[in-house]
Amino acid sequence: MPHYTTNKLPDNAEKFLKEYSSTRKAVTVSQYRASLSNFFRFLIIKKLDLSSLNPEHIKEFDLDLKLHNIGLSTRRDRIHHVRTFIIWLENKGDLEHGYGKKVFPNFSAETVCPSQSPLPVLAEDFINVLSATYKPSTVSGYKSMLRGFYLFHNKTKRAAYSIDRKDVEAYMIHLFKMKMMPEHRKQRLLALRRYLDWLFEHKKLKTHPDELVSPKDFPKGEERLPRPFSVEVDLEIQKRLEKEGSLDYLGVLLLRRCGLRVGELRNLTIDCVGQDLNGNWFLKVPLGKLNNERVIPLDPKTVEIVERIKRHHSMRPEPGTKTIYLISHPTGRRRGIYHFGAILRDITSDLAIPGKVVVHRLRHSFATSLLSAGMSVTSLKELLGHKDIQMTLCYAAVTQETLRKEYFAALSKVQTRYEVTHYPLETPNFRDGIRRSFSDAIKYILKYTKEHGNPNPRKLEIMYGRIRNIRHELSVLLKTDLEEKSSAQ
């Protein structure tokens with residue numbers, strides 16, 4: 001990895017760094033300088049102008065960094081720094097309006113704000129009270145959601161605690177326009193509702209929270225099936241991760257082979273693997289999403305992967321602590337939660353994969369592959385760390401291999417049964433058909449009179465004679481014998 005350079009940059013870049021140095025640490029400004037130095041070197045080599053960029057040029061810049069042996073995480077930071085610089089130029093008027101969105105189509109202006117929206121005093125008190133009973137990750141989620149609300153609410157120029165129904169409705173529309181998933185919108189509204197209860201209890205809110213946020217405001221959740229990778233793609237991903245062989249890539253491979261969540265992978269310590277009294281290897285998963293610990297048995301190949309990770313490890317504890325995490329930066333700092341997703345997207349960029357490529361799909365592949373191999377749902381529940389069997393049953397709905405086998409096995413039985421019971425259909429004889437029709441008519445009349453009585457036997461006898469006469473006349477006309485061999489009467 002090249003060292004940070006101190007070469008002078010173009011005037012607009014120097015102004016950008018000078019302005020950022022007032023709110024950023026010196027090491028951060030040095031990282032921005034290195035990123036811009038790499039970028040302007042790339043522009044000179046490609047003979048490109050700063051005002052004529054497009055998304056393809058950014059991809060070429062990423063490839064250029066890769067060819068200079070810069071790791072994925074650092075490349076992402078470099079591109080983020082360049083994006084921030086371009087947005088700064090756009091805000092200064094040096095580039096046309098909307099230029100940043102054109103060069104970075106997935107760009108969101110809120111991601112490069114110089115500072116997050118500050119929270120009012122009572123909101124900070126609310127967060128502090130939550131920290132006494134909830135996990136740090138949950139408290140961080142509440143804080144992030146409230147900052148997002150006040151980032152929107154402050155644009156209305158209203159007081160921090162002046163919130164009415166129109167404000168809530170406008171916020172709901174804002175979340176919808178951001179194309180946020182229904183479940184995420186629901187979480188934000190739940191956090192807002194709990195915060196409004198807090199304000200009402202402290203007499204800072206005039207309107208009762210029930211009138212501001214009602215149950216009908218929460219979007220209906222979507223019950224999505226797990227989305228495992230196909231068997232071919234799953235095997236190819238594991239093959240590529242193992243071939244890459246660096247610490248982070250092996251970490252993603254460990255996640256796949258053990259069915260871990262991303263947060264659980266981040267929290268694994270260097271001593272997470274052990275042996276029981278029988279010499280069997282196991283992985284101890286620390287407290288995770290559902291606040292429970294579990295043990296996962298390890299096969300020899302997975303144990304070897306862990307040993308390879310340790311050989312690449314710097315063995316440095318996370319700054320400020322004595323904890324050494326299994327998957328970490330060379331400085332000891334844990335990797336960010338989105339870091340592993342970037343690795344997976346990078347290694348599958350040339351594969352035709354339907355749907356969005358996210359790390360959690362590896363957990364889906366882990367679960368469905370075991371179910372297809374015959375593991376019981378109850379055993380899989382313990383392995384995945386689910387508290388409710390209903391959470392595990394959703395994987396049974398997508399075990400396509402088992403479903404396919406059972407379907408075709410049943411289909412073959414159906415086909416066999418139809419083949420065994422198949423008889424050729426014969427065309428009915430015309431003479432027998434007419435004869436049977438006359439006979440059936442007389443039988444039904446006799447049955448009806450027997451069940452309901454015969455009101456006029458004389459007239460019924462005359463009618464029988466007419467039927468016999470019609471049969472005889474039809475026999476003469478068609479020149480065929482339609483007479484009964486024995487009387488049905």
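**Salt bridges, core and loops in a predicted model**

Modeller: In this predicted model, a network of salt bridges links D62, R75 and D346.

Colleague: How many salt bridges are found in the whole structure?

Modeller: A search of the whole structure gives 24 salt bridges.

Colleague: What makes the contact of D164 with R158 a salt bridge?

Modeller: The closest N and O atoms of D164 and R158 are 3.2 Å apart. A salt bridge requires a side-chain nitrogen of Lys or Arg within 4 Å of a carboxyl oxygen of Asp or Glu, so the contact qualifies. In general, side chains of opposite charge can pair when their charged atoms come close.

Colleague: Which other salt bridge does R158 form?

Modeller: R158 also meets D167 in a salt bridge, at 2.6 Å from N to O.

Colleague: What is the separation of R193 and D197 along helix α9?

Modeller: R193 and D197 are four residues apart in α9 (residues 182-201), so about one helical turn separates them. Their side chains meet in a salt bridge, at 3.2 Å from N to O.

Colleague: Are R193 and D197 buried or partly exposed?

Modeller: R193 has a relative accessible area of 18%, which is under 20%, so R193 is buried. D197 reaches 26% relative accessibility and therefore counts as partly exposed.

Colleague: Which residues form the positive surface patch?

Modeller: The patch is formed by R76, R227, R345 and K356. R227 is placed in the loop between α10 (209-212) and α11 (231-244).

Colleague: Which residues touch the most other members of the largest nonpolar core?

Modeller: L260 and L283 do so, in a core of 46 residues. Among the elements that each supply at least two residues of this core are α13 (262-267), β2 (281-285) and α14 (300-312). The most comes from α12, which gives eight residues.

Colleague: Why is I270 called buried?

Modeller: I270 has 17% relative accessibility, and the cut-off for buried is under 20%, so I270 is buried. I270 is found in the loop between α13 and β1 (273-275). I270 and K310 are 40 residues apart in sequence, yet their C-alpha atoms are 7.6 Å apart in space.

Colleague: Where is K203, and why is K203 called exposed?

Modeller: K203 lies in the loop between α9 and α10. K203 has 74% relative accessibility, and exposed means over 50%, so K203 is exposed.

Colleague: What is the phi of M315, and where is M315 placed?

Modeller: M315, which is not a glycine, has a positive phi of about 60°. M315 is placed in the loop between α14 and α15.

Colleague: Why is M315 called partly exposed?

Modeller: The relative accessible area of M315 is 39%. This value lies between the cut-offs of 20% and 50%, so M315 is partly exposed.

How values were computed. Residues numbered from 1 in each chain as written. Predicted model: local features only at pLDDT ≥ 70, side-chain atom pairs only at ≥ 80, totals over all residues. Heavy atoms only, no water. Patch = residues over 30% accessible without salt bridge, like charges linked within 9 Å, V, L, I, M, F, W, Y side chains within 5 Å. Areas by Shrake-Rupley, 256 points an atom, 1.4 Å probe, with all protein chains shown as cover. Lys, Arg positive; Asp, Glu negative; His and termini not counted. Charge placed at Lys NZ, Arg CZ, Asp CG, Glu CD. Core = buried A, V, L, I, M, F, W, Y, C linked by side-chain atoms within 4.5 Å. Buried < 20%, exposed > 50% of the residue type's maximum accessible area, 1.4 Å probe, protein only.
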